Number of protein chains: 4
Amino acid sequence: MADRPISRRTFVHAGAALPLALGLRRDGPVPRALATGRDDPGTLVKLMGDGPSQTPAEYTQLLSSILSRGEIEPDYYSNGGVVEALEKRMAAILGKERAVFLPTGTLANHLAVRIQARGRARVLVQQESHLYNDSGDCAEVLSNLNLVPLAPSRGTFTLEEVQALVTRSRGGRVPREVGVIVIESPIRRRLGELFDYGDMGRICDFARHEGIATHLDGARLFMASGYTGITPAEYASRFDTVYVSMWKYFNAPSGAVLAGPAALLDDLYHERRMFGGGLPYAWPLAAVALHSLDGFEARFAAGVEAGRTLKPALNALRGLSVEEVPNGSNVFRLRVEGPDAGRLRAGLEAKGILLPAPNASVGGFVLSVNETLARRPVADTVEAFRSAVSA
Amino acid sequence: MADRPISRRTFVHAGAALPLALGLRRDGPVPRALATGRDDPGTLVKLMGDGPSQTPAEYTQLLSSILSRGEIEPDYYSNGGVVEALEKRMAAILGKERAVFLPTGTLANHLAVRIQARGRARVLVQQESHLYNDSGDCAEVLSNLNLVPLAPSRGTFTLEEVQALVTRSRGGRVPREVGVIVIESPIRRRLGELFDYGDMGRICDFARHEGIATHLDGARLFMASGYTGITPAEYASRFDTVYVSMWKYFNAPSGAVLAGPAALLDDLYHERRMFGGGLPYAWPLAAVALHSLDGFEARFAAGVEAGRTLKPALNALRGLSVEEVPNGSNVFRLRVEGPDAGRLRAGLEAKGILLPAPNASVGGFVLSVNETLARRPVADTVEAFRSAVSA
Amino acid sequence: MADRPISRRTFVHAGAALPLALGLRRDGPVPRALATGRDDPGTLVKLMGDGPSQTPAEYTQLLSSILSRGEIEPDYYSNGGVVEALEKRMAAILGKERAVFLPTGTLANHLAVRIQARGRARVLVQQESHLYNDSGDCAEVLSNLNLVPLAPSRGTFTLEEVQALVTRSRGGRVPREVGVIVIESPIRRRLGELFDYGDMGRICDFARHEGIATHLDGARLFMASGYTGITPAEYASRFDTVYVSMWKYFNAPSGAVLAGPAALLDDLYHERRMFGGGLPYAWPLAAVALHSLDGFEARFAAGVEAGRTLKPALNALRGLSVEEVPNGSNVFRLRVEGPDAGRLRAGLEAKGILLPAPNASVGGFVLSVNETLARRPVADTVEAFRSAVSA
Amino acid sequence: MADRPISRRTFVHAGAALPLALGLRRDGPVPRALATGRDDPGTLVKLMGDGPSQTPAEYTQLLSSILSRGEIEPDYYSNGGVVEALEKRMAAILGKERAVFLPTGTLANHLAVRIQARGRARVLVQQESHLYNDSGDCAEVLSNLNLVPLAPSRGTFTLEEVQALVTRSRGGRVPREVGVIVIESPIRRRLGELFDYGDMGRICDFARHEGIATHLDGARLFMASGYTGITPAEYASRFDTVYVSMWKYFNAPSGAVLAGPAALLDDLYHERRMFGGGLPYAWPLAAVALHSLDGFEARFAAGVEAGRTLKPALNALRGLSVEEVPNGSNVFRLRVEGPDAGRLRAGLEAKGILLPAPNASVGGFVLSVNETLARRPVADTVEAFRSAVSA
């Protein structure tokens with residue numbers, strides 16, 4: 001689902017439009033998965049969001065399916081049970097000693113900088129990052145940190161920019177140390193642009209040498225890996241801590257994992273609770289994410305492969321043109337010239353292909369590749385576009 | 001479920017004991033509700049916790065049952081859909097203009113004092129309250145408030161104590177105003193003791209007159225109403241804001257509602273998001289709570305009535321004595337002299353009556369009355385105790 | 001000067017009364033010291049405040065006198081020069097590695113708890129302490145600390161109370177550690193009452209064993225030593241840090257010293273500057289305090305000795321009765337029955353003996369012993385009282 | 001005096017060099033002012049700092065001189081007396097309802113943004129400003145504000161940059177409002193560069209329209225006025241609050257004034273005290289500043305005029321070249337090619353003309369025009385340079 005600023009008032013009054021945005025018509029047919037009772041996602045293709053974006057019916061079906069294979073061991077205040085199992089699994093995948101479940105990525109990023117910055121309040125971030133723009137200044141307002149923005153209107157900052165900032169900080173009338181460097185990659189506000197991997201390595205090496213902590217906002221880290229072939233563990237090895245979303249593509253209704261050194265994270269559940277993030281039962285979130293991890297890499301790889309075939313095929317259709325994001329990952333622009341975007345969307349939905357609302361500034365759509373793209377042959381999807389364009 | 005301090009290490013290593021604590025044996029029979037496919041809670045009696053404390057199987061069954069009656073309209077970042085429906089329902093029940101869903105009660109209490117205290121950092125609380133003891137000093141550490149404890153080792157504080165504190169605050173070298181008065185009732189740390197209703201009224205009247213905000217930590221407010229006959233709305237009318245738990249007895253895996261004036265709460269979802277409490281999908285929590293509200297009052301009243309019969313009957317059994325909490329609500333102590341507490345508990349569990357772990361300081365058990373007590377005739381429950389005591 | 005809450009509005013409009021309160025009549029004779037150009041305090045006896053409470057003329061005269069004996073080496077942003085000399089002198093007197101000059105005692109106490117509490121936000125204080133009552137909640141509002149009050153309406157708290165609090169803190173749902181214990185002695189709000197020395201020792205031993213930092217608010221520490229014979233260094237040896245006022249009895253217009261371990265305090269000047277406490281030139285404050293340290297012990301001892309003679313003599317006068325503070329230091333109450341308190345005060349001022357404004361709740365005056373009491377024979381002072389009483 | 005970053009360790013060990021830096025040789029002759037007992041500043045020319053930068057002897061002499069003309073009415077905890085007189089005088093000069101004395105400019109700027117930003121945590125500042133670089137992140141660390149830097153490596157930012165930031169802030173996932181815009185002018189880190197007056201007006205108009213507060217860091221505001229002819233009151237009328245230094249050119253050992261609306265500042269003394277900035281006696285600071293205000297405008301105008309003659313004359317000397325700061329005020333660079341800078345400085349000091357330490361990055365000196373330049377005919381000063389260059 002498109003990750004956009006929300007106006008509550010608009011939202012609240014937009015009632016009727018909502019189910020469509022969520023990928024299921026209110027009066028539509030029961031998805032095949034629900035009808036058959038199997039853990040079968042059906043053939044619905046959702047060209048939006050990083051994952052399947054489940055409906056309540058799909059989610060409940062998935063939960064039943066998981067339970068039918070064995071008991072779900074509940075947690076108690078987000079400790080133990082399937083929550084702990086998910087934490088251990090994610091720690092192993094990311095090559096870190098410890099991983100902690102958190103209800104949202106906002107809290108994961110916040111706690112990562114909060115616990116690593118003690119006494120050194122300056123935190124370097126991308127000006128275009130989620131933490132700097134879209135987290136309500138939580139780190140500044142609640143944790144007394146000073147987030148210093150780098151790389152204005154760009155995705156990647158360089159070692160030289162970091163060094164200049166560190167030097168400047170130390171040279172003030174009251175010298176201040178940089179406590180943490182945060183890198184977001186892929187970068188949501190830049191349509192999935194990837195932070196340059198060479199710069200990333202140089203910056204993390206410098207930080208380690210200077211005793212500056214590093215955190216990777218890897219909400220969509222598995223998207224990056226699907227495109228670069230660099231494993232999540234390789235990325236994570238550069239950083240002290242890394243956050244990965246559990247809801248964007250692992251189907252949890254909400255949730256995030258923060259991974260890093262045991263010494264840093266073993267007691268984090270106290271901090272989580274202090275922030276009101278210690279859900280009494282988090283198993284409904286964790287169980288689904290743990291289940292979805294199985295086979296994710298292959299499913300997403302199939303989606304990526306399908307995307308590689310789809311994009312030139314769409315570009316070849318009259319009235320459509322595909323525009324890739326430079327140094328991008330799973331997001332691309334589809335410009336629509338000639339056909340009416342709204343009609344195109346409606347035509348595709350009728351064939352089980354969901355697009356987000358048209359984006360006027362793009363002159364078409366911002367589309368995402370995810371695992372649903374591989375639910376049916378690409379040729380079928382292309383054919384659906386072709387007939388919708390012609391209609 | 002007993003609400004107790006957690007030692008993570010103990011917890012993690014206590015694996016085997018966990019399912020029992022949660023009310024279902026790992027290898028036990030499938031609850032009737034699941035076997036029959038109906039929204040039927042079975043006859044399991046749980047003499048612990050304020051509500052049914054569902055297992056994953058029970059929860060999933062409940063979700064399926066809700067879906068079978070109609071679609072669940074999802075929220076988006078905890079706004080809209082069934083979350084909004086729950087908010088409106090709770091606002092109506094509590095007689096407030098606006099109610100906002102929050103992931104935990106910790107956050108609900110915290111935001112209530114945070115948003116009402118602006119610039120007046122002193123917040124009066126009970127020394128024995130949850131906010132003062134069990135919230136990790138969130139209001140102090142994250143919101144720069146000064147929580148001033150009243151009523152040491154008591155449940156209720158008086159208007160005179162409040163007035164003395166207000167006067168003292170104004171008389172310091174740097175005069176400070178009291179910004180908020182918080183009252184928790186029933187009081188968890190005092191086994192459900194109720195704050196004196198007369199004092200509550202006098203204090204709230206004084207506060208209104210002085211321009212001091214008031215907040216009711218009514219996590220278990222519906223327990224109080226079940227015993228006093230004073231409706232939740234009557235209690236809430238005394239206070240500017242009130243928090244009610246959605247998980248303790250309304251079956252949500254997690255969740256809370258904060259209700260109060262629209263002017264105060266309309267934009268609270270931004271603050272919720274800043275704290276990392278804006279779950280992308282909260283409908284799995286809200287849908288269940290909204291469903292459980294239907295008929296709750298009657299179900300709980302039946303439980304209360306059953307408790308009124310049960311307690312003298314247990315007290316009459318050899319080796320058992322019931323001790324009521326002065327000015328209490330749904331919690332009572334069961335002293336066990338003679339029989340072995342562990343054996344007693346095991347014997348009862350075999351008959352579908354679940355007790356919490358024995359409590360050495362009580363010399364028996366701390367038991368709770370909730371709606372499950374009415375799932376079978378009290379005589380059956382008494383008989384189960386009698387035979388377990390004799391065994 | 002009496003240390004009392006200030007109402008700015010009252011203050012501003014109380015213009016005419018001010019010079020009297022400050023110990024010098026607007027139209028009075030030039031003090032002898034100024035007339036003769038010597039560093040001679042004259043024979044003015046001020047039965048209020050802990051020290052001489054200098055007028056602008058007295059202060060300027062003192063500064064000139066200091067300069068006449070040698071250059072004053074200025075500081076630069078409160079570092080170096082005579083400020084550093086004062087810091088070294090105080091560190092030596094207090095037996096600490098390092099001492100840092102701060103503009104006020106409020107900041108000294110605040111920084112002491114701020115820098116020692118990192119991550120352990122609970123700070124135990126006396127409910128009657130200056131830090132808890134009269135510092136505008138600075139530690140709570142600016143440093144996110146939770147000040148927990150002990151010993152309600154008493155001066156001394158006990159080891160048992162400390163232990164109970166530490167245990168309670170660790171047992172909350174989110175365990176919290178006590179970071180610092182602060183003891184104020186003598187206690188201003190209790191008229192100079194001394195904290196019990198035995199309890200002080202037991203508490204500090206316990207704290208050291210538990211890794212809890214300790215701070216002594218010894219604003220008036222030298223008063224205590226003058227009465228107990230326990231040296232400032234002996235007191236200070238119990239604690240990690242200690243603050244001593246530079247203005248109450250060492251004649252600086254403002255100023256405080258915080259002493260403790262070098263590792264803790266070496267970089268404190270950055271924190272001082274961050275708070276806006278890095279005065280560009282602090283030498284006008286430090287030079288006077290450093291000068292006044294010379295011979296203070298003997299001058300104050302003479303005052304104490306004079307007080308020991310004065311009090312029974314006053315008590316023997318008709319219409320006057322002296323009431324000592326239990327476990328007190330240099331403050332005592334003088335009840336006035338019969339004579340008019342205002343007339344008594346005016347009569348004494350005419351003879352060069354200054355009293356504070358009458359205190360209705362005491363039924364007379366709250367008087368302080370300080371070094372000015374030894375400026376003339378006690379018999380003269382008693383005689384002055386006798387004739388004022390009779391007038 | 002040059003306003004430079006301080007390394008305490010360097011500073012402490014640089015003992016011998018200090019008095020020279022402060023403008024008086026340790027073993028030098030007694031300044032004429034002291035010898036004659038008059039309030040006569042002598043003929044010492046100090047081409048550094050914004051004002052006379054008094055020595056202890058000069059300061060004490062000035063205090064005596066003030067006292068000789070009439071009593072100084074002391075303050076009590078920085079309220080009343082000569083402190084209040086200074087506040088009223090500054091309020092009148094700046095055209096504001098109210099002015100409050102604060103011990104340092106760091107605190108003045110901090111409190112200005114703190115009290116005006118309530119609930120709107122984003123504060124726009126110049127990246128090159130003192131508040132952003134040299135105040136230890138006080139606003140971020142102590143007041144939970146988010147300082148957003150504008151105009152990287154420039155002095156002036158534009159209305160368009162402000163508008164873009166405001167729009168971006170409102171468009172984040174959690175919309176944030178800009179609370180305050182701060183403008184520093186002249187800008188210390190840019191050698192006295194002035195913020196463009198047209199941009200200043202446009203920005204302040206926009207802010208007023210949007211309900212955003214504005215603050216002028218006018219530490220050196222009177223320098224600006226001396227060059228632009230725009231009065232301090234005209235500048236101040238643009239802004240809600242303005243801070244002016246009392247020590248840089250008004251001879252207080254320390255001190256600042258914050259001026260603005262009465263409703264905002266009437267109770268600021270409480271906040272001042274909470275920060276530890278309520279000096280028990282501030283009259284030694286305030287009395288001197290109040291005295292120095294008399295005639296300042298004329299004295300500084302004479303200095304500016306002397307500077308206008310001096311600069312081309314120095315530029316004409318062999319081996320010297322003057323470089324003006326674009327859009328600057330009282331600071332200029334003197335490049336020295338040929339003569340040895342250290343020898344030049346020593347030669348001038350022997351003639352009563354003090355220069356700061358040479359600045360390698362400038363290839364000479366960074367000099368300041370202040371009122372001392374008019375203490376002797378410019379021709380004499382030029383002649384001193386000529387002979388020092390030739391030596």
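Glu177(A) comes out as partly exposed, with a relative accessible area of 35%. This is a predicted model, and in it Glu177(A) pairs up with Arg170(A) in a salt bridge whose closest N and O atoms sit 3.1 Å apart. Arg170(A) is partly exposed too, at 34% relative accessibility. As a rule, side chains of opposite charge can pair when their charged atoms come close.

Glu324(A) belongs to strand S9 (residues 320–324) of chain A, while Lys311(A) belongs to helix H16 (residues 296–315) of that chain, so the pair ties together parts that are 13 residues apart in sequence. Glu324(A) is partly exposed at 45%, whereas Lys311(A) is buried at 9% relative accessibility.

Over in chain D, Arg299(D) and Glu371(D) form a salt bridge, with 3.0 Å between the closest N and O atoms. Here helix H16 (residues 296–315) of chain D supplies Arg299(D), and the loop between strand S12 (364–368) and helix H18 (378–390) supplies Glu371(D), so this pair ties together parts 72 residues apart in sequence. Arg299(D) counts as partly exposed at 29%, and Glu371(D) as buried at 12%. Back in chain A, a network of salt bridges links Glu87(A), Arg98(A) and Asp266(A).

Now for how chains A and C meet. In this interface, 12 residues of chain A are in contact with 12 residues of chain C. The area buried between them is about 990 Å², and carbon and sulfur atoms give 49% of that. On the chain A side, the residues touching chain C are five nonpolar, three polar and four charged. Even so, zero salt bridges are counted between chain A and chain C, and zero residue pairs in polar contact are found across the interface, with both residues required to be at pLDDT 80 or more. One residue involved is His270(A), which touches Val174(C) and Pro175(C). His270(A) is found in helix H14 (residues 268–274) of chain A and is buried, with a relative accessible area of 17%.

Methods. Residues are numbered from 1 along each chain as its sequence is written. Chains are lettered from A and ligands numbered from 1 in the order in which they are written. This is a predicted model: local features need pLDDT of at least 70, side-chain atom pairs count only at pLDDT 80 or more; totals for chains, interfaces and linings use all residues. Side-chain values use heavy atoms; hydrogens and water are left out. Contact means heavy atoms within 4.5 Å. Buried area is the accessible area (1.4 Å probe) that two parts lose on being put together, summed over both. A salt bridge is a side-chain nitrogen of Lys or Arg within 4 Å of a carboxyl oxygen of Asp or Glu. A polar contact is a pair of N or O atoms within 3.5 Å; within protein, one must be able to donate a hydrogen and the other to accept it, and residues adjacent in sequence count only if both atoms are side-chain atoms. Ala, Val, Leu, Ile, Met, Phe, Trp, Tyr, Cys and Pro count as nonpolar, Asp, Glu, Lys and Arg as charged, and the others, Gly among them, as polar. Helices (H or I, at least four residues) and strands (E, at least two) are DSSP runs, numbered from the N terminus. Buried means under 20% relative accessible area, exposed over 50%, partly exposed in between (1.4 Å probe, protein chains only). Lists of a residue's contacts leave out its neighbours within four places in sequence.
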